[in-house]
Amino acid sequence: MSTAAPDCVFCKIVAGDIPADVLARTEHAIAIKDLNPQAPFHVLVLPLDHHEYAAASAAADPASVGHAVALADAVARAAGVDDYRLVANTGAGAGQTVFHTHFHVLGQAPGMSESLI
């Protein structure tokens, strides 16, 4: 049974209350296409349980982060993306806009560099 926050858009996506382009789902995480892609391949991977950021997820359930990373890798490789960046923003000052742990999987961007963050 996952925990959810009633006003969280990602919790609503996880619950199926808001439609999303779902690429994969496991018993621990879901992978969806990003609505505002920053690279040719841009997927979001969300643990099903609600925590505000990755370190909070890791503190509450360390395996949840591992499951999300494994799903990120599986979705990227299924799309033929072997080289990718995995980004988790923590806090508004770092660019986090939805406060539910999520990982951005970014790939196939020519000249991908640190400036992509």
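## Pro47 in strand β3

Pro47 sits in strand β3. This is a predicted model. Pro47 is buried because its relative accessibility is 1%, under the 20% cut-off.

Which residues does Pro47 touch beyond its neighbours within four places in sequence? They are Val14, His28, Ala29, Ala68, His100 and Thr101. Thr101 is 54 residues from Pro47 along the chain, yet the two C-alpha atoms are separated by 6.7 Å. The backbone of Pro47 also takes part in a polar pairing: its oxygen lies 2.9 Å from a polar atom of the His100 side chain.

His100 belongs to the loop between β4 and β5. Is His100 buried or exposed? It counts as buried, at 0% relative accessibility.

The side chain of His100 has a polar atom 2.9 Å from the backbone oxygen of Pro47. The side chains of His100 and His50 are joined by a polar contact of 3.1 Å. Setting aside neighbours within four places in sequence, the contacts of His100 include Cys8, Phe10 and Cys11. Also among them are Leu46, Pro47, Leu48, Asp49, His50, His51 and Glu52.

His102 lies in the loop between β4 (84-87) and β5. His102 is buried, with 9% relative accessibility. Its side chain reaches the backbone oxygen of His100 at 2.7 Å. The His102 side chain also makes a polar contact of 3.5 Å with the side chain of His104.

What else does His102 touch, not counting residues up to four places away in sequence? The list is Phe10, Leu44, Val45, Leu46, Val87, Ala88 and Gln96.

How many disulfides does the model contain? The count is zero. Cys8 is in no disulfide, and its nearest cysteine sulfur, that of Cys11, is 3.7 Å away. Cys11 is likewise in no disulfide, with the sulfur of Cys8 as its nearest cysteine sulfur, at 3.7 Å.

Cys8 has 7% relative accessibility and counts as buried. Cys11 is buried too, with a relative accessible area of 6%.

## Ile30 in strand β2

Ile30 is found in strand β2. Its relative accessible area is 1%, so Ile30 is buried. Leaving out neighbours within four places in sequence, Ile30 contacts Val14, Val22, Ala24 and Arg25, among others. The contacts of Ile30 also include Leu44, Val45, Leu46, Leu48 and Leu71. Val14 is a contact of Pro47 as well.

How far is Ile30 from Glu52? The two are 22 residues apart in sequence and 16 Å apart in space, C-alpha to C-alpha.

Val81 is in the loop between α3 (62-78) and β4. Val81 is buried, with a relative accessible area of 1%. Leaving aside neighbours within four places in sequence, Val81 is in contact with Phe41, Ala76, Gly107 and Gln108.

Gln108 is 27 residues from Val81 in sequence. In space, the C-alpha atoms of Val81 and Gln108 are 6.9 Å apart.

## The largest pocket

The largest pocket has a volume of about 560 Å³. Its lining holds 27 residues. Which of these residues lie nearest the centre of the pocket? They are Asp34, His42, Leu44, Thr97 and His104. His104 is the side-chain partner of His102 in the 3.5 Å polar contact, and Leu44 is touched by His102 and by Ile30.

Four elements each supply at least two residues of the lining: α1 (9-15), β2 (29-33), β3 (41-47) and β5 (103-107). The largest share, three residues, comes from α1. By residue type, the lining divides into 15 nonpolar, nine polar and three charged.

Methods. Residues numbered from 1 in each chain as written. Predicted model: local features only at pLDDT ≥ 70, side-chain atom pairs only at ≥ 80, totals over all residues. Heavy atoms only, no water. 1 Å grid on protein atoms, 1.4 Å probe; cavity = no way out; pocket = protein on both sides within 12 Å on 5 of 7 lines; lining within 4 Å. Points joined across faces, edges and corners; volume = space filled by probe spheres on them. Nonpolar A, V, L, I, M, F, W, Y, C, P; charged D, E, K, R; others polar. Disulfide = S-S within 2.5 Å. Buried < 20%, exposed > 50% of the residue type's maximum accessible area, 1.4 Å probe, protein only. Polar contact = N/O pair within 3.5 Å; in protein donor to acceptor, adjacent residues only side chain to side chain. Contact = heavy atoms within 4.5 Å.
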